[in-house]
Amino acid sequence: TCPPKSSKWITDMTWLNLVELSKLPQFSDILTQVSRNDKAWKAWFDSDVPEETSTPDGYSNSLDTFRKLLLIRSWCPDRVLPQARKYIIETMGKKYAEGVILDMEAMWEESNLRIPMICFLSLGSDPTNAIEQLAK
């Protein structure tokens, strides 16, 4: 069973996320902390960049980047990307979190009949013009 929400301003999905998060040892008290410290959590939640803002109840000092990502994901799914980028930079290095400009000429040089050209596209990107330019 799911414990009742502590405040009306918390969405049902957020509360369900917090209930699941509370099953992890680092977040075992989060439901009572949110209930007890409602104003601080609301102020944190309402901030423009909660991933950059000090988290209530000492979580800023006690969580590593991955666990902070879990917390951000539970509260503000729209802010997951910036926190995920921090996690990637911390664990894999900065070059893995930066965008890559597609160099069609270099891809063409590396490809052959057995090595196809494959592009992983980000939302809104369209390599059609670059492919047509290369074909000319």
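The exercises below treat cysteines, salt bridges, surface charge, backbone geometry and spacing in a predicted model.

Residues are numbered from 1 along each chain as its sequence is written, and side-chain values use heavy atoms, with hydrogens and water left out. Because the model is predicted, local features need pLDDT of at least 70 and side-chain atom pairs count only at pLDDT 80 or more, while totals for chains, interfaces and linings use all residues.

**Exercise 1. Cysteines**

Task: Determine how many disulfides the whole structure has, and state whether C76 is buried or exposed.

Solution. 
Step 1. A disulfide is a pair of cysteine sulfur atoms within 2.5 Å.
Step 2. Searching the whole structure with this criterion gives zero disulfides.
Step 3. For C2, the nearest cysteine sulfur is that of C76, 19 Å away, and C2 is in no disulfide. For C76, the nearest cysteine sulfur is likewise that of C2, at 19 Å.
Step 4. Relative accessible area is classed as buried under 20%, exposed over 50% and partly exposed in between (1.4 Å probe, protein chains only). The areas come from the Shrake-Rupley method with a 1.4 Å probe; for residues, only the protein chains shown count as cover.
Step 5. C76, at 4% relative accessibility, is therefore buried. C2 has 40% and is therefore partly exposed.

**Exercise 2. Salt bridges**

Task: Count the salt bridges, then describe where the partners of the K42 pair and the K86 pair lie.

Solution. 
Step 1. Side chains of opposite charge can pair when their charged atoms come close. A salt bridge here is a side-chain nitrogen of Lys or Arg within 4 Å of a carboxyl oxygen of Asp or Glu.
Step 2. The count under this rule is six salt bridges.
Step 3. One of them joins K42 and D46, with 2.8 Å between the closest N and O atoms. Both residues belong to helix α3 (residues 38–46) and sit four residues apart, about one turn of the helix. Helices are DSSP runs (H or I, at least four residues), numbered from the N terminus. K42 is partly exposed at 31%, and D46 is partly exposed at 44%.
Step 4. Another pairs K86 with E52, the closest N and O atoms again being 2.8 Å apart. K86 lies in helix α6 and E52 in the loop between α3 and α4 (59–62), so this pair ties together parts that are 34 residues apart in sequence. K86 is partly exposed at 30% relative accessibility, whereas E52 is exposed at 54%.
Step 5. R67 and D64 also form a salt bridge, with closest N and O atoms 2.7 Å apart. R67 is partly exposed, at 27%, as is D64, at 36%.

**Exercise 3. A charged patch**

Task: Identify which residues form the negative surface patch, and locate D103.

Solution. 
Step 1. Lys and Arg count as positive and Asp and Glu as negative; His and the chain ends are not counted. The place of a charge is NZ of Lys, CZ of Arg, CG of Asp or CD of Glu.
Step 2. Patch members have over 30% relative accessible area and no salt bridge; like charges are joined within 9 Å, and nonpolar side chains (Val, Leu, Ile, Met, Phe, Trp, Tyr) within 5 Å.
Step 3. The negative patch consists of D103, E105, E109 and E110.
Step 4. D103 is placed in the loop between α6 (80–92) and α7 (104–110). Its relative accessibility is 43%, which makes D103 partly exposed.

**Exercise 4. Backbone angle**

Solution. 
Step 1. Most residues other than glycine have a negative phi.
Step 2. D57 belongs to the loop between α3 and α4 and is partly exposed at 30% relative accessibility.

**Exercise 5. Sequence and spatial separation**

Solution. 
Step 1. V19 lies in helix α1 (residues 12–21) and is buried at 12%.
Step 2. T32 is part of helix α2 and is partly exposed at 46%.
Step 3. Q26 sits in the loop between α1 and α2 (30–36) and is partly exposed at 34%.

Note on methods:
Helix = DSSP H or I, 4+ residues; strand = E, 2+ residues; numbered from the N terminus.
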